[in-house]
Amino acid sequence: LQHEQEVHDMSMTKDYIVIFDYNAWFGADLMKEHGKFARFEPNTTSRIGLINKKAFNAGNAEVQWFNVEACIVFHMANAWQEGDNGEIVRLIGGRMNKFDFDGILHFDVVKNRKNGYNVPRIYEWKLNTKTGEVQERVINDEYRDVEMPLIHPLYEGRKVKYIWFNLIDYTDDGFGASSYAIVKYDVENEKIVGRIDYDLDGNKGSYQAVFVPNETKDINKVKSEDDGYLVNIIW
């Protein structure tokens with residue numbers, strides 16, 4: 001990795017372990033240079049790394065790195081392979097292009113912030129393992145509070161039809177500690193096709209709803225990816 005950092009998640013596909021090298025750094029050197037133990041480093045790219053599973057099992061942990069625009073994604077929704085020979089690795093997640101650690105650690109900083117807070121958007125990366133080319137883009141800019149994504153667990157590492165995103169409350173009152181809704185995202189058609197709001201009578205949801213599928217063992221017995229229940233605690 002480029003520096004000690006917030007390594008919060010990883011992904012996988014049929015052939016690859018997917019790791020991330022983001023820009024949310026921490027360390028004593030940052031305290032010496034910037035007066036903060038943790039900071040978002042804007043002056044370098046982020047990286048997505050692919051480790052071939054077969055090679056890894058044979059003792060080769062070589063990483064194929066792809067430079068991407070500076071960001072952090074706390075929870076990647078899913079990753080899978082496309083193309084005639086699976087040469088394209090595609091990822092979708094809730095991406096932030098900056099992150100303020102003080103916003104998590106110090107409520108007064110959040111409450112008195114002047115420039116707002118960068119919140120996650122639905123974002124896509126396409127990595128070409130043959131050419132090294134990267135394509136990345138914001139898929140949906142309408143919903144800007146997306147976090148804690150959910151898919152049917154049997155489809156992890158495969159292309160999915162649906163992803164659920166919790167909409168997190170980033171206001172001063174509930175900063176990052178609760179959700180106000182959950183949306184259902186159609187991957188193929190790139191649009192939101194469902195939404196459940198909690199804040200109808202002043203209620204909120206916990207930070208993360210979970211998806212409980214009716215079929216948990218055999219993917220061949222799954223009637224549809226959304227055959228199950230969304231469960232949350234409303235308070």
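This report walks through the strands, ring pairs and charged pairs of a predicted model.

Four strands make up an open sheet, in the order 11-12-13-14. Their pairing is antiparallel. Strand 11 (146–150) and strand 14 (191–197) stand at the edges. Each has a single partner strand, so one side of each has no neighbour in the sheet. On average, neighbouring strands here are turned by 30° against each other, direction ignored.

Look inside this sheet next. Strand 12 and strand 13 run antiparallel and are joined by 7 bridges. Leu-167 stands opposite Ala-181 in strand 13. Strand 13 also holds Ser-179. Ser-179 has a relative accessible area of 0%, so it is buried. Its contacts include Asn-166, Leu-167, Tyr-198, Lys-204 and Asn-232, with residues up to four places away in sequence not counted.

Strand 1 is joined to strand 2 (residues 16–21) by 2 bridges.

How many of the residues of strand 8 are buried? The count is 8 of the 8 residues, 88–95, so strand 8 is largely enclosed by the rest of the structure.

Strand 8 pairs with strand 7 (residues 76–82) in the antiparallel sense, over 6 bridges. Ala-79 stands opposite Leu-91 in strand 8. Strands 7 and 8 form a hairpin with 5 residues between them. In that turn, Gly-83 has a positive phi of about 100°. Strand 8 is also joined to strand 9 (residues 121–128), by 8 antiparallel bridges. There, Val-89 stands opposite Leu-127 in strand 9.

## Aromatic rings

A pair of aromatic rings is described by the distance of the centres and the angle of the planes. The model has 5 aromatic pairs. Phe-20 and Tyr-22 form a stacked pair, 5.4 Å centre to centre, with 5° between the planes. Phe-20 has a relative accessible area of 3%, so it is buried. Tyr-22 is buried too, at 5%.

Phe-165 and Tyr-185 are arranged edge-to-face. Their centres are 6.4 Å apart, and the angle between the planes is 65°. Phe-165 lies in strand 12 (residues 162–168) and Tyr-185 in strand 13 (residues 179–186), so this pair ties together parts that are 20 residues apart in sequence. Both residues are buried. Elsewhere, ring pairs link Tyr-162, Trp-164 and Phe-211 into a cluster.

Rings also meet charges. The charged end of Lys-184 sits over the ring of Tyr-162, 4.1 Å from its centre. The charged end of Arg-95 sits over the ring of Tyr-123, 4.3 Å from its centre.

## Salt bridges

Side chains of opposite charge can pair when their charged atoms come close. The structure holds 13 salt bridges. One of them joins Glu-124 and Arg-90, at 2.6 Å from N to O. Glu-124 lies in strand 9 and Arg-90 in strand 8, so the pair ties together parts 34 residues apart in sequence. Are these two buried or exposed? Glu-124 is buried, with a relative accessible area of 3%. Arg-90 also counts as buried, at 7% relative accessibility.

Arg-121 forms a salt bridge with Asp-141, with the closest N and O atoms 2.9 Å apart. Arg-121 is in strand 9, and Asp-141 is in the loop between strand 10 (134–140) and strand 11, 20 residues apart. Asp-141 counts as partly exposed, at 37% relative accessibility. Another salt bridge joins Glu-188 and Lys-159, at 2.6 Å between the closest N and O atoms. Glu-188 is in the loop between strand 13 and strand 14, and Lys-159 is in the loop between strand 11 and strand 12. Glu-188 is exposed, at 53%, while Lys-159 is partly exposed, at 36%. Salt bridges that share partners join Glu-82, Arg-90, Glu-124, Arg-137, Lys-159, Glu-188 and Glu-190 into one network.

Terms used: Residues numbered from 1 in each chain as written. Predicted model: local features only at pLDDT ≥ 70, side-chain atom pairs only at ≥ 80, totals over all residues. Heavy atoms only, no water. Phe/Tyr/Trp six-rings, centres within 6.5 Å; stacked < 30°, edge-to-face > 60°. Buried < 20%, exposed > 50% of the residue type's maximum accessible area, 1.4 Å probe, protein only. Lys NZ or Arg CZ within 6 Å of the ring centre and 35° of its normal. Pairing = 2+ DSSP bridges. Axes fitted to C-alpha atoms, helices over the stretch in contact; angles between N-to-C directions. Contact = heavy atoms within 4.5 Å. Salt bridge = Lys/Arg side-chain N within 4 Å of Asp/Glu carboxyl O.
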